[in-house]
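Please look at the sequence and the model side by side before reading on. The notes below take up the strands and sheets, the loops that join them, and a part of the surface.

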Amino acid sequence: MQDISLTEVLGQAFEFHASSMYTAIPCVVIGVHSNLSSAKVDVQPSVNDLYADSVSVEHAPILSVPVIFPSSKTSALTFPVNVGDTVLCVFSQRGMDNFKLGDGSPTAPSDFRKFDKRDAVAIPGLFPFSKSPNDSGNRKLPHSTTDMVMAHNLGGNEVEVRLKANGDVLIKSPTTVTVECKDAVVNSDTATLTVPDTTWTGDMTFNGNITQNGIFVLDGINMNTHIHGGVATGPSKTSIPE
């Protein structure tokens, strides 16, 4: 019989207990609940268990995992999380059952478990290097890693708001940009609008001078070429309209 030191016994005991502890692990989303209205997904750990005999075993799926979005009670940045997305799951040091079903107030855990796989929280944004959303090869629109960008539909029908490193702001959409508000105010030293066709609806007030380059059409009449016939001879100057 081989003698085992107290240090070895304690080490083996610690390793045995640590093997059942969950801290953080990459996962892939395998299910999305209620179109993400409850911010809840099912995940499958992406890194398998590995045993002393070199056997690799997949983890069982983890169900009903809360998703973390950058948000508070009054503000939120939300976005789709789809089946196949990768996330980082971190595991609570206490059971989260009562928290998930409660209102966020302090509450006792439902049992004595710690760092259990049932108490995962999913954080979107973890990717293998080859699928990094910051890689211009994974985008359709031109991309610079020195810009701050909010983008959607990467690699597809991309739309984005880009804050460039030189201070410029760029908004790109392949379809329609709509602004809805009560009042709009734009303060700028200069403004340039390049549009093949523009329609304005409503009354307009101009304060300042207008310079017209090109054809001016008023009620279907080309004012650049329009003339009046049968005009009677009159004084060289007219009086100021009353």
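In this predicted model, five strands form an open sheet with antiparallel pairing, and reading across the sheet gives the order E5-E2-E1-E6-E7. Strand E5, which covers residues 62–66, and strand E7 stand at the edges with a single partner strand each, so one side of each is left without a neighbour in the sheet. On average, and with direction ignored, neighbouring strands of this sheet are turned by 50° against each other.

- Strand E6, made of residues 86–91, pairs with E7 in the antiparallel sense, and five bridges join the two strands.
- If you follow Cys89 across to E7, the bridge partner that you find there is Ala122.
- The loop between helix H2 (97–101) and strand E7 (120–124) contains Asp116, a residue that counts as buried because its relative accessibility is 18%, and buried means under 20%.
- The side chain of Asp116 also makes a polar contact with the side chain of Arg118, at 2.8 Å.

**The loop between E1 and E2**

- Most residues other than glycine have a negative phi, and this is the background for the next two points.
- Ser34, found in the loop between strand E1 (24–32) and strand E2 (40–45), has a positive phi of about 50° although it is not a glycine.
- Leu36, which lies in the loop between E1 and E2, is likewise not a glycine and has a positive phi of about 70°.

**The three-stranded sheet**

- Three strands form an open sheet in the order E8-E9-E10, and here the pairing is antiparallel.
- The edge strands of this sheet are E8 (148–152) and E10 (169–172), each of which pairs on one side only.
- Neighbouring strands of this sheet are turned by 5° against each other on average, again with direction ignored.
- Strand E9, which holds residues 159–163, and strand E10 pair in the antiparallel sense over four bridges.
- Within this pair of strands, Glu160 stands opposite Lys172 in E10, and Val161 stands opposite Ile171 in E10.

- Which residues make the nonpolar surface patch of about 640 Å²? The patch is made by Met148, Leu163, Val169, Ile171, Val177 and Val179.
- Val179 counts as exposed because its relative accessible area is 69%, and exposed means over 50%.

Key. Residues numbered from 1 in each chain as written. Predicted model: local features only at pLDDT ≥ 70, side-chain atom pairs only at ≥ 80, totals over all residues. Heavy atoms only, no water. Pairing = 2+ DSSP bridges. Axes fitted to C-alpha atoms, helices over the stretch in contact; angles between N-to-C directions. Patch = residues over 30% accessible without salt bridge, like charges linked within 9 Å, V, L, I, M, F, W, Y side chains within 5 Å. Areas by Shrake-Rupley, 256 points an atom, 1.4 Å probe, with all protein chains shown as cover. Salt bridge = Lys/Arg side-chain N within 4 Å of Asp/Glu carboxyl O. Buried < 20%, exposed > 50% of the residue type's maximum accessible area, 1.4 Å probe, protein only. Polar contact = N/O pair within 3.5 Å; in protein donor to acceptor, adjacent residues only side chain to side chain.
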